[in-house]
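Here's a quick briefing to read alongside the sequence and the 3D view. Keep the structure open while you go through the points.

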Amino acid sequence: MGNYLGFKMKRQATLFMCVLSFGFVLGQVSYTIPEEMPKGSLIGNIAHDLGLQIKRLKEGKARIFTRNSDEYIELDKERGVLLVKERIDREVLCKQTTPCALHFQIILENPMEFYSITVQITDINDNSPTFEKNKIDFKISESAVIGAKFALERAADLDVGINDLKSYALKPTENFVLKLNNNPDGNKNVEMVLQKPLDREKQQQINLVLTATDGGVPQMSGTMLIVITVLDANDNSPVFTQQIYKATVTENSPIATVVATVKATDADEGTNSKITYSIRNTLDDVRKTFKINQENGQVTLIGNTDFEDSRSYEIHLLAMDEGGLTDSCKLIVEVQDTNDNIPEIQIMSKSTVISEDAIINTVVTMISIADKDSEKNGNVKCYIDENMPFILKSSASNFYSLVTDSELDRESNSVYNITVTCCDEGVPSLSSSVTLTLQISDVNDNTPVFEKNSYETYVVENNTPGLSIFTIKATDADWNQNARVSYILEDSSVNGVPVSSYVSVSADSGVIHAVRSFDYEQIKDFQFRVKAQDGGSPPLSINVTVKLLIQDQNDNPPQILYPVQTGGAMVAEMVPRSADVGYLVTKVVAVDVDSGQNAWLSYKLQKVTDRALFEVGLQNGEIRTIRQVTDKDAVKQRLTVIVEDNGQPSRSATVIVNVAVADSFPEVLSEFTDFSHDKEYNENLTFYLVLALAVVSFLFITCLVVIISVKIYRWRQSRILYHSSLPVIPYYPPRYSDTLGSGTLPHVYNYEVCRTTDSRKSDRKFGGADNQNVLVMDPACKETMRRIQIEKSILDEPDSPLEQKPPNNDWRFTQGQRPGPSGPHMPYGTHIRWTPKNGTRATGGPEVAMGTGPWPQPPTEAEQLQALMAAANEVSEATATLGPGTMGLSTRYSPQFTLQHVPDYRQNVYIPGSTATLTSNPQQQQATAQQATQQALPPPQASAQAEPPKAAQTPASKKKSTKKEKK
C-alpha cells in the first residue's frame, strides 16, 4: 500500500455521443484509473462529461447497469460523479490480460437513455516476483563440462508492463553464471551455465541464490535457493525432438483426452539415459487442466477446457535424466469453440404499465443480449410474437428496444404478455426467451351507456315517500375510477314544481326513489332526465329520459252532492199519498274523483223502512215509488242509500234520505219531533265540565241581560202603541193562491214561527215563499201551537189595518231554479230540516216567491172564526208532541207578514243539482216595502208617535196593552 501512496494517478476521459432514432441517446465515456484505489475515490464527473444536469440524473433515476454480478463502480446522483465502490485488483479482474477495463452502462428513464462507460484499470507495482518453490535441488556430476546448462524455474510476477519481471541475478557466481534466453512470446528462459569445473572432493554441495527483480518503482524482487549436489560424471543431457509443440482440443472435451505427446532423447546409457518428463508451469491453471506422463511424455486432460475462459494454453515441459541433465520445450494447446452457451437476455430498463393513449414508437423496454460463444455461435437475433402492437428494434450492437407499433386500446386488451426470444446461429442453434408483462393503463375515453334509450315505469298512487320505484343502469367500458358511474337528476320542473321534489336518484346505485306520495287525481305522469357521469377527468356523461306513470288507486270514496248532509239537520222529502207508481221522490247525486272503473258508481238501498215502497236506480240514483202510496204507509220513511264504486276493494258512501208521506204539514210535524240526538263525551271529562260550567254561566248572564233589555224595550213599545191611534194587527188574506202550482201542501202561504215554552212573549218572523220547499223544525222549541192559532186568528181579523200587497215578481223562482229533484215528477216536494236542541234556530228561506194570482177579498167574520178554531186544534195537537226547545218552521202556509220584516237572504243562494245562483233586487224590494208600509199606516199626523211595523210584530204586544187598559 505504501507503493500505492507514492503513485501518481492519472485519469483520462473520452466522450462519444450519438443520437439514435428510437427515442433514447447512446453515448460512450472512457476513464483510466489505477488499481487498488480506496472506496469512495473519485473516478470522474460523469454529469459534466456527458453534458447532463444533476436534475436530469435525479429525475431520470440514473443507475448503473452491468452484465457482471460484481459492481466496482457506483454513481453519486447528488454530485453527478462516479466513485469506487469496491477495491479493484487488476490481477484478480483481468489476470495477464491487457488492457484491463470495466464496461458498464448508465440508464436514464423518462425518456429512456443509456450511456456506455469504460473504465480502464492500470497496473501498479503491488506484486513482487515469486518462485513456485523456495528451494530447488540439482545433482550435477563433477564431470560436467564447462558450458553445461541447467534450466532454472522462472519467477512469476502478476503485474504487467513495466511492473512485470525484468531481470534475474545469481549469487555467488564462482562456478555458475546466469544466462537468459528470449522467447518469441517475450518471456525469458533462465539457465544456469557452468563456467568452472566442479570438484566433488573440494565442495560436495553448493548453495546459490537466484533473485528475480521487476521494473516497477519502487523495485520489488523475489528469491529462490538453489542447492547443488555434486555427483559423479553424466556428460549428455536429454534433448526434445521439437522446441515447440502445437495441439488443438475441443472445449468441454472429456477428461483423459490425449492432447499431445512429446519426446526427448539422451545419448547416455544406462541409468543416465533414463528421462523423466514434467510440467514446469507455475501460478496458472495449466497443472489443473493438463498432466504429462513422466515416462512417455503423453499430455492428457484432467480438467475442463472452456473456450470462454481461455482460448489457448501454453505448457512448458521439462525432460531430465538420472544424472540431472535437462532439456525444455513448449506445448501450445488451442481450444476450439463449440455452441455451448445460450444467449443471455438482460432487461436494462422496462415499463410495467403504459397508457393506452401512448404514441407510436414509445419505448417500453430496453434489452441487452450477450452470447459468450464466438463467430456464428455468438451471433444472436431476437424477435417477438406476431399480432401484437409492438415491434423489437435493434438500437445498437446486442441492444434491442421494444416500442409500440400501433395504437393501444385497454378495453380490447388490458394486459400483454410479450415473449422475447433470442437465437444464435450455431449448429444446433441455442435460444432463450423472456416474457414481459405489460399492463395497459386506462384513459377515460368511453362514455357511460344506458341499457335503454329511454325508460318508462309505473308507480301506484298513495305510495310511501322514499319508495324505490325503478333502477336505471349504465355501464362504462373504462376501468376503475373512469368506470365508476354516478347518477344525477337533472334540474327540471313538473307543473312549475322542481322535479327533485317528486323523485330522487341514488348517485351510486341509480335507484329512483319517490320523494313524496303521488296522487293520480293531481298528476298522472311526468318525465325527467337522469345523467350518468363517470369518474374520469374530465368526466364523460350521457342523459336518458325516464317517464313515470302514476297508476290510479281506489283511494277516494264517492262524494254525495245531493241531498246535502248537514251536521245537525235532517233533510226530508215529502211525498203525497196520491203519488202514483214511479213517482220521483228525489235523486241522489254522487261523484268519484278516481278514474276508470274506480269511478263507476252504483246506487243501492241499504236500509229502508218499507222496502216494497221505494227503489233506487242502480246507475242514476233516482229514488222512485214502486207501488201506489196508501193510507197505511207510515208518514216517516227512512231510506239509507249506499253508493259504491267499482274499485278493488270498492269504497262506498251512504246517505240518509228521510221521506215524509203526507198530504199536509201537520201530519209531518208530529212524526219528526221525536228526533233523538247522540251525545259525545270526551275522555278529559273534567276539562269539559269546567268549560260547560263557564259557558252556562256566561249564557245565563247574557240571557238575563237580554231578557231585561227585551222587556224594557217591549214596555216602551207598548207605551208608544198605547198612546197611538194606529191599528195593531194588520190584515192578511187567508187564501192567497200560488198560481205556479209548485207547492207540496194544500196551504198556499209560507210563514215562520218561533215559540218558546218558558215565555209569555213570542216572536214571529215572516218569510217569503221558498222554492227550496225546506221546512226547518227545531225540536227544542217549547211554544205551543195554540198561540199560533190565536195569533193567526188575530191577524185574520177583518179590521186589520195592515193589508199586504201582492208580492213582487222578482221574488219568484222559475221552475228550473228550484233545488232538488225538479220537473213534473215532484210538484209537491217539501223539505223538512230538523235542528238539534243546542243548535242555531233555523229560519225560513231568504226569498219567498209569492203567488201571482189575484189578491182575494177580505174574509167574513164567519171565515175568521172558522180559521181560528182550526188553528187552535192544530196548536193543541202540536203542543202535545213537541218537546222542550225552540222550533223553527218554514213552509208555504200563510203570507201573514209585511215585506219590510223579511231579511234579505237572497245573496248567493246555492241550489243542489243546479248551477243557478239567486240574487235579489234590493231597490225593488225597498220600494215594495215602503209601499206596503204607506198602505198600512194611518194619516201622516200619527206617524211621529209610533212605528207601525214594530207595533205589529207580535200579538203579545196587543195583549200587553189590553192588560194595561184593564188595570
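This is a predicted model: local features need pLDDT of at least 70, side-chain atom pairs count only at pLDDT 80 or more; totals for chains, interfaces and linings use all residues.

Residues are numbered from 1 along each chain as its sequence is written, and side-chain values use heavy atoms, with hydrogens and water left out.

**More on that sheet**
- S46 and strand S50 (residues 622–625) pair in the antiparallel sense over three bridges; two strands count as paired if DSSP finds at least two bridges between them.
- Leu584 sits opposite Arg624 in S50.

**The whole protein**
- The protein has 12 helices and 59 strands; these are DSSP runs numbered from the N terminus, with helices (H or I) of at least four residues and strands (E) of at least two.
- Of its 967 residues, 46% count as buried, where buried means under 20% relative accessible area, exposed over 50% and partly exposed in between (1.4 Å probe, protein chains only).
- Take contacts between residues at least 6 apart in sequence: 72% of them join residues at least 24 apart, and a contact means heavy atoms within 4.5 Å.

**How confident is the predictor?**
- The mean pLDDT of the protein is 75, and 69% of its residues reach 70 or more; pLDDT is the predictor's confidence in each residue, from 0 to 100.
- Over residues 1–25 the pLDDT is below 50, and this stretch has 61 contacts in the model beyond near neighbours in sequence.
- Residues 726–857 also have pLDDT under 50, and the model has 444 contacts for them beyond four places in sequence.

**Aromatic rings**
- The count comes to 14 aromatic pairs, where rings of Phe, Tyr and Trp (its six-membered ring) pair if their centres lie within 6.5 Å; planes under 30 degrees apart are stacked, over 60 edge-to-face and the rest tilted.
- Phe687 and Tyr688 make an edge-to-face pair, 5.3 Å centre to centre with 80 degrees between the planes.
- Phe687 counts as partly exposed at 47% relative accessibility, and Tyr688 counts as partly exposed at 38%.
- Tyr502, Phe518, Phe526 and Phe528 form one aromatic cluster.

- Most residues other than glycine have a negative phi, and most peptide bonds are trans.
- Asn110 is in the loop between S7 and S8, and at 62% relative accessibility Asn110 counts as exposed.
- Another cis peptide bond runs from Gln648 to Pro649, with omega near -5 degrees; Pro649 is in the loop between strand S51 (636–645) and strand S52 (652–661).
- Asn252 has a positive phi too, near 65 degrees, and is found in the loop between strand S17 (244–250) and strand S18 (258–261).
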